[in-house]
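This report describes the fold of one protein chain, beginning with a single residue and widening to the whole.

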Amino acid sequence: MNSEMEYLSQMSFQSQKPNPRILFHIGAMKTGSTAIQNMLSKNQEILHEKGVFYLETAIRSQYVQSGNGENLCHLLNSDAKCFEIKHELIQFIKPGYLSIISCEVFSHLSEYSWKILFESLNELNVEFQLIAFIRSPID
């Protein structure tokens, strides 16, 4: 973990761009997502100083977590209305910061759910990127 924090301490993600920015972390099972989410959760102050916002939405414990995007994923997998999804997304946005939404459930979303998510992001004028970790199911 120290090497990740050293790397982050040399970077700044603060931006003067008017559009909000979100990085979606998609971690398939057994790709280290919980370790990444724990690092984000435990280092929020340092990340904030570097222009990264990680909204803590779950109560952290020693047990497996699904990340801060779990409720968003559940909305996307339900019959939620577009305004409900946009309302959920808005809580993750902090102007001038790169926001991170992380959840293993992203890897199980349907094509339709992704379409709804992308439409909602575009309506909110959010710039977004996806980062996904995968591994062979045989390993």
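## A residue of helix α5

Leu89 lies in helix α5, which covers residues 82–90; helices (H or I, at least four residues) and strands (E, at least two) are DSSP runs, numbered from the N terminus. The model is predicted: local features need pLDDT of at least 70 and side-chain atom pairs count only at pLDDT 80 or more, while totals for chains, interfaces and linings use all residues. Residues are numbered from 1 along each chain as its sequence is written, and side-chain values use heavy atoms, with hydrogens and water left out.

With a relative accessible area of 0%, Leu89 is buried (buried means under 20% relative accessible area, exposed over 50%, partly exposed in between, with a 1.4 Å probe and protein chains only). Residues up to four places away in sequence aside, Leu89 touches Phe24, Leu72, Ile101, Leu117, Ser120, Leu121 and Leu124; contact means heavy atoms within 4.5 Å. Leu89 and Leu117 are separated by 28 residues in sequence and by 9.2 Å in space, C-alpha to C-alpha.

## Packing of α5 and α6

The angle between α5 and α6 is about 65°, and their axes are 10 Å apart. Axes are lines fitted to C-alpha atoms, for helices over the stretch in contact, and angles run from 0 to 180 degrees between N-to-C directions. The two helices, α5 and α6, are therefore roughly perpendicular to each other (under 35 degrees counts as roughly parallel, over 145 as roughly antiparallel, 65 to 115 as roughly perpendicular and the rest as oblique). On the α5 side the contact is made by Cys82, Ile85, Lys86 and Leu89, and on the α6 side by Ile116, Leu117, Ser120, Leu121 and Glu123.

## The sheet

Four strands form an open sheet with parallel pairing, in the order β2-β3-β1-β4; two strands pair if DSSP finds at least two bridges between them. The edges are held by β2 (52–53) and β4 (127–133), each with a single partner strand, so one side of each has no neighbour in the sheet. Helix α6 (residues 111–123) packs on the sheet and touches β1 (21–27) and β4, its direction making about 145° with that of β4.

Strand β3 (residues 98–103) runs parallel to β2 and is joined to β2 by two bridges. Val52 has Leu98 in β3 as its bridge partner.

## The chain as a whole

The chain holds six helices and four strands, in the order α-β-α-α-β-α-α-β-α-β from the N terminus on. Of its 139 residues, 40% are buried.
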